[in-house]
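Please walk me through this structure one feature at a time. I would like to learn how each feature is read.

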Amino acid sequence: MNGSGALSGLKILDLSNYRGQLCGRLLADMGADVIKVEPPGGDAARRIGPFVDNLAHRDRSLFFWFYNLNKRSLTLDLKHPRGAELMLRLARGADLVIESFAPGTMDSMGLGWAALHAANPALVLLSIAPFGQSGPYRDFDADDTVLAALGGMLYVNGWPGHAPVRPWGLQAYHSSAYYAAIATMCALFARDRDGAGQWIDLSMQEATAAAVEHVAGSYFGEGRVEPRRGTLHWSRYFRVGKCRDGYIMHCTLGDWTSLIEWVAGDGKAQDLVAPEWEDVQYRAVHAEHLFDVLDAWVADYSRDELLERAQTLRLPYATVRNPEALLDDEQLRARGYFVEVEHPELDRKIRYPGAPYIFNDSPWEVRRRPPLTGEHTGEILRDELGLDADEIAALAAEGII
Amino acid sequence: MAGSVTRLPLEGIRVLDFTWVVAGPVATRILADQGAEVIKLERQPGPLGARQTGLQGDLHRGKRSIAVNMGTPRGVEIARRLARVSDIVMDNFSARVMRGWGMDFASLSKVKPDIVCVSMSGLGHTGPRSNYVSYGPTLQALAGFTLLMADRNGQPAGYGYSYADMSGGYTGALAALIALWHRRRTGRGQFVDLSQFEAVVSVAGPALLDIAVNGRDQSPPGYRSQELPAAPLGIYKCRPRGDDDDRWLAISVRTQVHWESFVSAIGSPAWAYEAKFRTLYLRMRNSVELDANVARWAAGEEAESAMERLQRAGVAAGVVANGADICARDPHLRARNFWGTVPLPDGSTTHVTGIPMKLSATPGAIRTPSPIIGEANDYVLGELLGMSRAERDALIAEKAIWPT
């Protein structure tokens, strides 16, 4: 480790499965030494596609790569008593253990909070589970879709009277990962002051429910159950419109005079020239009619033409793009968002999505490509636990590593 | 302050908060719940309608408020003095705004070398589009989410809200904590240039690598698995609940064991034993027919009891919960005491979104309701900046400070 990252010096053991692996990556990207602890056959996430060139193989999973950039890999059979014992020894030198097993699993392996805390009182244990560590749904099973359902995220997406629409990407998992990383940092600040580690109980359902804040805001504030509204944003200031060559996002929060002069100049303003439309709240109340008029106006424009002119007038319009456009996006390119990472085994460079922020003194950085299965097992057991070559070979022969 | 028996993790950290709308306030709210003293600098006079309940109550709880007229030189001077006694300054403006006030990192670090500045602009401070004006819905449209949240006809059908404000807010809170951690270790401040656009692009996930590596055009996920393969996998309409005909159940059947449990939990119907549904591979291949069968079963079921039955059998299933479900009916969220309660000055209480992370020793606290504008004028000017009553009155008279 070169020590320039903000989190360099932090040692993290990441036991999490495919539901929880983003948290460790967020911390690894900022310099933490994150060891991905996998079962000897490789983590189940390695079997999830897409794969490089669509060839399914545990060292070609793009799913695994996305969530495990910058981590090292140790294969260890935690269900074997000797494996659990090695894990406990590793925990003595670690700052954080991340796990996302079904509640109770860590205890059954002798690695529960009591055991870890006894082994290392300063250790923080982060448990990410679909429904947390307590309560009537504790042992319920879930994937991202079920969590998005029970967290209230699905219900508000889609058209009224039609089936709810799932988000693109695993947003229940991702919302949880950000809260998990935030919780970790808070626990580390508390440890710095109080000296003791603690156990973080992260419920993915709760993190999902917290990520649809307008739903609770409407319910508690006005007793209203937020409906699905198609593309009309709940604030009523945004709706998707259709141009000649694709969709755009209207926004009626910008400077009204600039917008309406433009629309009127095109001869398409209809009744929008009336003074009451200058009132932003009036625009929200009458949003359906307003957007119908604006839809008729944009129909003859091309998306890009509309976007450029709108932004010149400082109107917050956007094109509704396909994600492939991100690879060629000039703004992302200028900021170096996509980064090339060498994969020597494949003899090629892979473009990864990079940092969402630029730290000027402790940069986000790629220090290593995602690990091959068990790639660092030997060096970790040697460097962290002082095992010699014979001991390591014996563990391998027993199938523990 | 209720619930302040245990010390909060971020006690002693002072945040000067210029953020507005949603993403920025989400970030500073997260810090406030963990004990940071967040001073919300408001640029308009009060009062401002009902800000203590609903989404606004959620966004600003636990914060202090000072109302500064940033259009006056004296107002700007007060903001600069406040930055000098703060640990971190956060904003979500485009680059020119803070620079115009001399409140950017380059200026502030001259007078306070260890200051941390986190700027959460729409598209970042650099690059050809850094001056674009944006909101959450426009950023998620640019990032590909809007197009890929399509209905069965391929028409955009979401988001109905600003998920980009959430991804931006979380990324902002995390960035603040990491920069403060760096300062604790090294004594050095720094500038974090956060692009909310990049924050929401980043949560798209492995699909971005699929584009970059395989060049594959992405299509709306519909009911295709984005993780471990499953079939059935979908959202199925259930029996009405009273006069509510909008009840749905999400079901995800991943393994053969799950499938067998599923079949038995729904009463072992004959169709489930047909050869075309025998393996996961076959169920995925014949998913249209499979879904039609599951949909027929679900249509006769009440969503909650069907979920209970499937979950007791070990099958992942969940009610598509609406606002009343998550806020009032979900027995699990209630049992975990998820929703927060905030006492209001008039003696009533309001409920807000809880803290979705339970730290065993320092659980965080929802301490105070969203402040009225200028609530902390006296505290900030008097205690933090050491101004006398006469000085404060003079600032109000010259309209550099808006009165409470």
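Q: Is Arg61(B) buried or exposed?
A: Buried means under 20% relative accessible area, exposed over 50%, and partly exposed in between, with a 1.4 Å probe and protein chains only. Arg61(B) counts as buried, at 1% relative accessibility. This is a predicted model, in which local features need pLDDT of at least 70 and side-chain atom pairs count only at pLDDT 80 or more, while totals for chains, interfaces and linings use all residues. Residues are numbered from 1 along each chain as its sequence is written, chains are lettered from A and ligands numbered from 1 in the order in which they are written, and side-chain values use heavy atoms, with hydrogens and water left out.

Q: Which residue forms a salt bridge with Arg61(B)?
A: Side chains of opposite charge can pair when their charged atoms come close. A salt bridge is a side-chain nitrogen of Lys or Arg within 4 Å of a carboxyl oxygen of Asp or Glu. The partner of Arg61(B) is Asp33(B), with 2.5 Å between the closest N and O atoms. This pair links distant parts of the chain, 28 residues apart: Asp33(B) is in helix H1 (residues 23-33) of chain B, and Arg61(B) is in the loop between helix H2 (54-60) and strand E3 (64-67). Helices (H or I, at least four residues) and strands (E, at least two) are DSSP runs, numbered from the N terminus. Asp33(B) is buried too, at 4% relative accessibility.

Q: Where do Arg25(A) and Asp29(A) lie?
A: Both are in helix H1 of chain A, 4 residues apart, which is about one turn of the helix.

Q: What is the phi of Gln270(A)?
A: Phi is near 45 degrees, a positive value in a residue other than glycine. Gln270(A) is in the loop between helix H10 (256-265) and helix H11 (280-285) of chain A, and is exposed at 54% relative accessible area.

Q: Which peptide bond that ends at Pro50(A) is cis?
A: The bond from Gly49(A) to Pro50(A) is cis, with omega near 0 degrees.
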